[in-house]
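Biologist: I am new to this structure. Could you show me how to read its features, one at a time?

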Amino acid sequence: MENNVIYGINGPVVTVKNATCFSMMEMVYVGEEKLVGEIIGIKDDFTTVQVYEETTGLKPGDPVVGTGAPMNVLLGPGIIDNIFDGIERPLKEIERESGSFIKRGSSVSSLDPNKKWNVTLKVRLGDKLNGGDIYATLPETPIIEHRLMVPPTINGTVVEIAPDGEYKIFDTIAKLRDENGDVHELTLCQKWPIRTPRPVKEKLPASVPLITGQRVMDTLFPVSKGGTAALPGGFGTGKTMAQHQLAKWCDADIIIYVGCGERGNEMSQVLDEFSELIDPKSNRPMTDRTVLIANTSNMPVAAREASIYTGVTLAEYYRDMGYHVAMMADSTSRWAEALREISGRLEEMPAEEGFPAYLPSRLSEFYERAGRADVLCGAEGSVTLIGAVSPQGSDFSEPVTQNTKRFTRCFWALDKSLAYARHYPAINWMDSYSEYFTDLDPWFEKNLGKDFIKYRNKISYLLQEESRLMEIVKLIGSDVLPDDQKLVIETCRVIRVGFLQQNSFHPEDTYVPLEKQKLMMKTILHLHKQSQKLIAKAIPISQIIGLGLFDKLTKMKYDIPNNRLDMFDEYIKEIDEKLNSIE
C-alpha cells in the first residue's frame with residue numbers, strides 16, 4: 001500500500017496530498033494512534049478525511065492507512081442493553097480500559113468477542129438460503145430474541161452446519177456455497193455501512209399507529225408505526241422529557257435513543273432513569289429492550305454527525321428481524337450544527353444561516369430510512385423516527401426546523417409559554433399537525449369505533465373556536481360574550497387541563513390506554529352538549545358552572561383508574577342528574 005501521510009490539519013478535517021489509493025467514503029486510520037476517519041473528498045492532488053476523534057497532537061507526516069471498506073458498524077448480539085458513542089464504540093468497555101475519559105484511538109470491539117451466546121440453529125444441510133433469511137436464534141436479553149440473518153448480499157446452499165450450543169460472535173456456525181462455488185462463512189455477526197439503507201422486500205403503507213399513551217399525541221396528532229415525527233422546541237420546553245416518555249411507553253418492541261450533541265448531565269440522567277425503569281409490558285428493566293448512543297456536546301463534532309446514521313442502521317438491523325423499532329434523535333439541530341462546522345472547515349459555500357447547501361438532502365436521507373415494511377425474512381418490521389429540533393430562540397422559521405417539516409409528516413410543536421405554565425407535554429395544539437389521519441382513521445374506526453374520530457374532530461373544532469374567542473377576550477374582555485361562547489371557553493379549559501395536560505409522575509396518568517382517552521373525550525363532550533341545551537333554554541352559564549361538574553372532569557384523569565373504565569358511566573349519569581336538577 002502507498003505510504004500516505006498527513007499534509008494539512010484543520011480541526012477534524014485532515015488532508016492527504018497525492019493519494020490515489022483511497023475511495024470515496026472509505027474508512028481510514030489516521031496518525032500513530034489510528035484515529036478513525038472517513039474519506040469525504042477526493043481531488044487530483046488532495047484527499048480530504050473527516051476524523052471522528054480529537055485531532056490534537058496530529059502533525060504533518062503522520063500516516064493515513066486505508067481499510068478498503070466504507071464506514072461501518074458491527075451488527076450482532078450484545079447491542080441491546082449497551083451504551084455506544086457515535087461510531088459504535090462501547091462506552092462501558094472503554095471506561096474499564098481507560099477510565100472516565102475516552103482514550104484516543106481506542107480500538108475496543110463494538111461487541112464483546114469473548115461472551116458466549118446460547119445459539120439454536122434453524123436450518124439443515126442442503127437448505128437454500130437467501131439474503132435476510134434467519135439461520136439461528138439466541139436470547140439476547142430475557143425479552144428480545146436475536147435472530148441471526150444471512151447478510152442481504154449473500155445467498156446459497158448450506159454445506160456445513162454446527163450443532164446447537166454456546167458460541168462467540170466471531171465463531172463460524174454455518175457455511176453457504178453460492179452459485180459461483182464460493183463458500184461464505186456465517187458467524188453471529190455481520191458488518192454494514194452506516195450510510196447505506198438496508199434493503200427490504202416491500203414498503204408498507206402507514207396504516208398502524210404508534211401508540212404512545214400520551215393523549216395529545218395519540219388523539220390529536222398521531223404518528224404511524226414506520227412514520228416520521230418532528231419535536232421542535234426552544235430551550236426548556238421539554239423535548240428531552242417528551243422523548244423519554246415516548247421511549248418508556250410507546251408500543252415499539254425496541255427503543256434506540258441517540259443523544260446527539262446533548263449535555264452530558266442530560267445523558268447521564270437518561271442512563272440513570274432507564275436503568276431504574278421497569279418496562280410495563282414485561283416487568284423487566286427497560287434496558288432489556290433499549291440501545292443508547294451517547295454523543296455528548298464535548299465529544300468530537302464529526303462523530304456527532306455519524307451518530308444519527310449509526311442509530312438508524314442499528315434500528316434497521318432489528319427491523320429486519322421483524323421487530324418494530326422507535327428511534328429518538330435528540331437533537332437533529334446539534335447534528336446540523338456539526339454539519340455546519342465541518343462544512344466551514346472544508347471552506348464550502350454556506351447557505352442560509354451558515355448551514356451547508358446540502359442540509360435538506362442530508363435530512364431527507366435520514367428521514368427516508370423510516371418505514372413499515374415486509375422484510376427479507378418474511379416478517380413485518382418498522383422503524384419510526386422521532387427527531388427533536390432545537391431552534392435558537394424558539395424560532396421555527398430557521399432552516400433546520402423548516403427543512404425537517406418538509407420530510408416529516410407529524411409536527412409536535414413545543415410551546416415555551418405552555419412549558420413555563422407547567423403544562424406537560426407543552427405541545428401547542430394550534431401550531432402542531434399530523435398528516436397521518438387519512439392513513440390511520442381506518443385503524444381507529446376498526447379498533448375504537450367511528451365515535452373516536454367524531455370526538456377527536458369535535459375536540460379540535462372547540463380548541464380552534466376557543467383560540468378565536470380568546471382574541472376577542474383580549475380586546476374587550478369575557479363579560480361581553482354570550483353564554484354559549486362562554487361555554488366553549490369553559491369546556492376548552494377542561495380539555496386543556498383535564499385532557500391535553502398529562503402528569504408523567506402520576507401512576508394513572510403517565511400512560512393512558514386509547515379506550516380511556518376515548519371515554520374522557522366522550523364525557524367532556526357529553527357535558528358540553530347537555531350544557532348547550534340548558535343555555536338554549538336561557539339558563540345562565542354561571543348556574544351550570546356552579547354545579548362543579550367542569551372542575552370534577554378536570555380531575556377524572558386521576559380519579560378514574562386505567563382498569564376501572566366502567567366509572568365513566570357513573571360520571572355521565574351524575575352529569576345528567578345534576579343538569580336535570582336545574583332545568
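Modeller: We will go through pockets, a helix, cysteines and some backbone details. Keep in mind that this is a predicted model.

Biologist: Which helix gives the most to the lining of the largest pocket?

Modeller: Helix 3 does, with 4 residues. Helix 3 (239–249), helix 4 (264–276), helix 6 and helix 9 (416–420) each supply at least two.

Biologist: How do the residues of that lining divide into nonpolar, polar and charged?

Modeller: The lining of the largest pocket has 8 nonpolar, 17 polar and 9 charged residues.

Biologist: And the second largest pocket: what is its volume?

Modeller: The volume of the second largest pocket is about 650 Å³. It is lined by 27 residues, and those closest to its centre are Leu91, Ser100, Ile102, Thr296 and Met299. Helix 1 (91–98), helix 4 and strand 21 (290–295) each supply at least two residues of this lining. The division here is 12 nonpolar, 7 polar and 8 charged.

Biologist: Now a helix. How many residues does helix 12 have, and how far does it reach?

Modeller: Compare the reach with the span expected at 1.5 Å a residue. Helix 12 (residues 483–500) has 18 residues and reaches 24 Å from first C-alpha to last, close to the expected 26 Å.

Biologist: Which residues of helix 12 are buried?

Modeller: Among them are Leu487, Val488, Ile489, Val494, Ile495 and Phe499. The elements covering the buried residues include helix 11 (450–476), helix 13 (514–536) and helix 15 (549–554).

Biologist: Next, cysteines. How many disulfides are there?

Modeller: A disulfide is a covalent bond between the sulfur atoms of two cysteines. A search of the whole structure finds 0. Consider cysteine 377: its closest cysteine sulfur, in cysteine 189, is 19 Å away, so it is too far for a bond.

Biologist: What should I look for in the backbone?

Modeller: Most residues other than glycine have a negative phi, and most peptide bonds are trans. Look for the exceptions. Aspartate 330 and serine 331 are joined by a cis peptide bond, with omega about 5°. Serine 331 sits in the loop between strand 22 (324–330) and helix 6. Another cis bond joins tyrosine 424 and proline 425, with omega about -15°.

Biologist: Which residues have a positive phi?

Modeller: Glutamate 347 is one of them, with phi about 60°. Its place is the loop between helix 6 and helix 7. Serine 394 has a phi of about 55° and is not a glycine either. Serine 394 lies in the loop between strand 24 (380–389) and helix 8 (399–407).

Biologist: Is glutamate 347 buried or exposed?

Modeller: Glutamate 347 is exposed, because its relative accessible area is 70%. Serine 394, at 26%, is partly exposed.

Definitions and conventions. Residues numbered from 1 in each chain as written. Predicted model: local features only at pLDDT ≥ 70, side-chain atom pairs only at ≥ 80, totals over all residues. Heavy atoms only, no water. Expected span 1.5 Å × (residues − 1). Buried < 20%, exposed > 50% of the residue type's maximum accessible area, 1.4 Å probe, protein only. Contact = heavy atoms within 4.5 Å. Nonpolar A, V, L, I, M, F, W, Y, C, P; charged D, E, K, R; others polar. 1 Å grid on protein atoms, 1.4 Å probe; cavity = no way out; pocket = protein on both sides within 12 Å on 5 of 7 lines; lining within 4 Å. Points joined across faces, edges and corners; volume = space filled by probe spheres on them. Disulfide = S-S within 2.5 Å.
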